[in-house]
Amino acid sequence: MTSSILSWIWSERFWLPENVTWADLEHPPPGVEYPRIGQIVYAIPLAFGVLFLRLLFERLVAKPCAQILHIQADVSRPPQSNAVLEKVYGSRTSPDEKQLAGLSKQLDWDVRKIQRWFRLRRNQDKPSLLKKFSESMWRFTFYLGIFIYAIRYLWVSPWMWNTKECWYNYPFQPVSPGQYNYYLAELAFYWSLMLTQFTDVKRKDFNIMLVHHFATISLITFSYANNMLRMGTLVMCVHDAADIFLEAAKLANYAKCQKLCDTLFIVFSLVFFITRLVIYPFWVVRSVLIESWEIVGPYQSWWLLNGLLLVLQVLHVIWFYLIARIAIKALFKGKVAKDDRSDIESSSEDEADTHCRSSKDSKDSSSNGCSRT
């Protein structure tokens with residue numbers, strides 16, 4: 001039964017071009033190694049190693065850096081202990097007017113007092129500035145390191161300068177140690193992000209990021225399975241470039257270096273536009289859609305992989321719309337303002353409360369504008 005299911009999942013007619021079998025890839029010429037799907041499975045246990053490395057990094061590197069920059073864990077004022085309100089909060093963090101009226105009558109509390117209780121309770125669940133700084137520093141370090149590794153490897157690779165090289169003699173292209181290490185590191189990292197998606201800083205684009213991580217993991221795994229490593233390395237490198245500047249902008253913002261944050265965010269917006277709305281569709285996707293069709297010809301999984309690439313492109317357009325709104329505010333208002341991609345889901349009540357705070361607190365809350373893309 002299990003073997004039948006696996007045979008159906010890894011059908012040669014689906015994954016490989018016409019007249020190519022898995023046996024052809026399992027028996028390469030002497031001194032040549034083709035990718036095997038079993039090799040990429042090591043990324044899953046490695047993802048737990050990445051999580052452990054992240055914990056060490058945040059404790060031994062990120063936290064001391066935060067202390068040097070005088071970034072401390074926020075201590076929010078706890079609300080008055082109340083079992084009834086705590087039970088309601090477990091199901092709804094921002095009750096509507098009807099619920100507020102019912103709670104006011106049940107507890108004999110003023111509605112404004114109940115609203116204040118829920119506001120204080122929500123503040124307790126918000127991640128501290130130290131947590132956000134540590135998370136961003138970890139991601140900045142990874143993106144910078146993996147991008148430098150990728151550029152050093154791809155700079156001497158012929159398919160970086162001529163994308164048609166990705167399809168000549170496909171799929172009989174040997175895998176190099178550099179390709180394998182790059183794939184394994186990226187896949188392990190994105191598996192770790194998938195595992196921590198529910199515990200990391202919650203953002204309004206939570207569902208979009210979940211789709212992004214799933215599409216990315218699927219693309220990396222599928223492209224390794226059918227030996228699209230050359231194009232896969234280009235896709236990953238293009239995506240990592242902009243993330244470096246985003247995380248750097250967030251770090252500057254958390255350190256209250258507002259001008260540096262604004263500058264880095266504008267640079268990030270430009271790099272994002274160039275890499276994901278110009279290079280990615282007109283260089284990478286074009287090669288997969290047109291050049292591979294001309295040189296190799298379409299086959300069943302070809303349609304799936306192209307579909308996933310186009311899903312990523314749709315996400316890029318959505319993100320750039322949100323990014324552009326923030327960047328325009330940074331240019332004309334002089335700071336990166338809070339926008340749709342804030343770190344925490346906020347209710348209309350929270351937003352109204354923000355407008356009533358002092359200008360200093362409003363500036364502090366602007367750090368939410370630099371969220372993960």
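Is Asn19 buried or exposed? Asn19 is exposed, because its relative accessible area is 73%. I noted the cut-offs: buried means under 20% relative accessible area, exposed means over 50%, and partly exposed lies in between, with a 1.4 Å probe and protein chains only.

**Ground rules**

I am working with a predicted model, where local features need pLDDT of at least 70, side-chain atom pairs count only at pLDDT 80 or more, and totals for chains, interfaces and linings use all residues. Residues are numbered from 1 along each chain as its sequence is written, and side-chain values use heavy atoms, with hydrogens and water left out.

**Overall**

I listed the elements. The protein has 17 helices and zero strands. Helices (H or I, at least four residues) and strands (E, at least two) are DSSP runs, numbered from the N terminus. I then looked up burial. Of the 373 residues, 50% are buried. The accessible surface is about 19000 Å², and 64% of that belongs to carbon and sulfur atoms. These areas come from the Shrake-Rupley method with a 1.4 Å probe; for residues, only the protein chains shown count as cover.

I looked up contacts next. A contact means heavy atoms within 4.5 Å. Among contacts with a separation of 6 or more, 81% are between residues 24 or more positions apart.

I went back to Asn19. Its phi is near 70 degrees, a positive value in a residue other than glycine. Asn19 sits in the loop between helix 2 (12-15) and helix 3 (22-26). I found a positive phi at Lys256 too, about 65 degrees, and Lys256 is not a glycine either. Lys256 lies in the loop between helix 13 and helix 14. I also noted a cis peptide bond from Tyr170 to Pro171, with omega near 5 degrees. Pro171 is in the loop between helix 10 and helix 11.

**Helix 13**

I checked the length of helix 13 (residues 229-254). It has 26 residues and reaches 37 Å from its first C-alpha to its last, close to the 38 Å expected at 1.5 Å a residue. The expected span is 1.5 Å times one less than the number of residues. Why is helix 13 largely enclosed by the rest of the structure? I counted this as the reason: 25 of its 26 residues are buried.

**Cores**

I looked up the nonpolar cores. Such a core is a set of buried Ala, Val, Leu, Ile, Met, Phe, Trp, Tyr and Cys residues joined through side-chain atoms within 4.5 Å. The largest has 79 residues, and those with the most contacts inside it are Phe189, Met231, Phe265 and Tyr280. Helix 13 gives the largest share of this core, 16 residues. Apart from it lies another core of ten residues, including Leu100 and Trp117. I followed up Met231. Not counting residues up to four places away in sequence, Met231 touches Cys166, Trp167, Val284, Ser287 and Val288.

**Aromatic rings**

How many aromatic pairs does the structure hold? I found 23. Rings of Phe, Tyr and Trp (its six-membered ring) pair if their centres lie within 6.5 Å; planes under 30 degrees apart count as stacked, over 60 as edge-to-face and the rest as tilted. Phe142 and Phe189 are stacked, at 3.7 Å centre to centre and 10 degrees between the planes. This pair links distant parts of the chain, with Phe142 in helix 9 (residues 129-154) and Phe189 in helix 11 (residues 177-196), 47 residues apart. Phe142 counts as buried because its relative accessibility is 15%. Phe189 counts as buried at 0%.

I then took Tyr180 and Tyr224. Their ring centres are 6.2 Å apart and their planes at 55 degrees, so this pair is tilted. Tyr180 is in helix 11 and Tyr224 in helix 12 (residues 206-225), 44 residues apart. Tyr224 is buried, with a relative accessible area of 0%. Leaving out residues up to four places away in sequence, Tyr224 touches Tyr180 and Tyr183, among others.

I also noted a cluster: ring pairs link Phe265, Phe268, Phe272, Phe273 and Phe320.

My last entry is Lys113. Its charged end sits over the ring of Trp109, 4.2 Å from the centre. The test is NZ of Lys or CZ of Arg within 6 Å of the ring centre and within 35 degrees of the ring normal.
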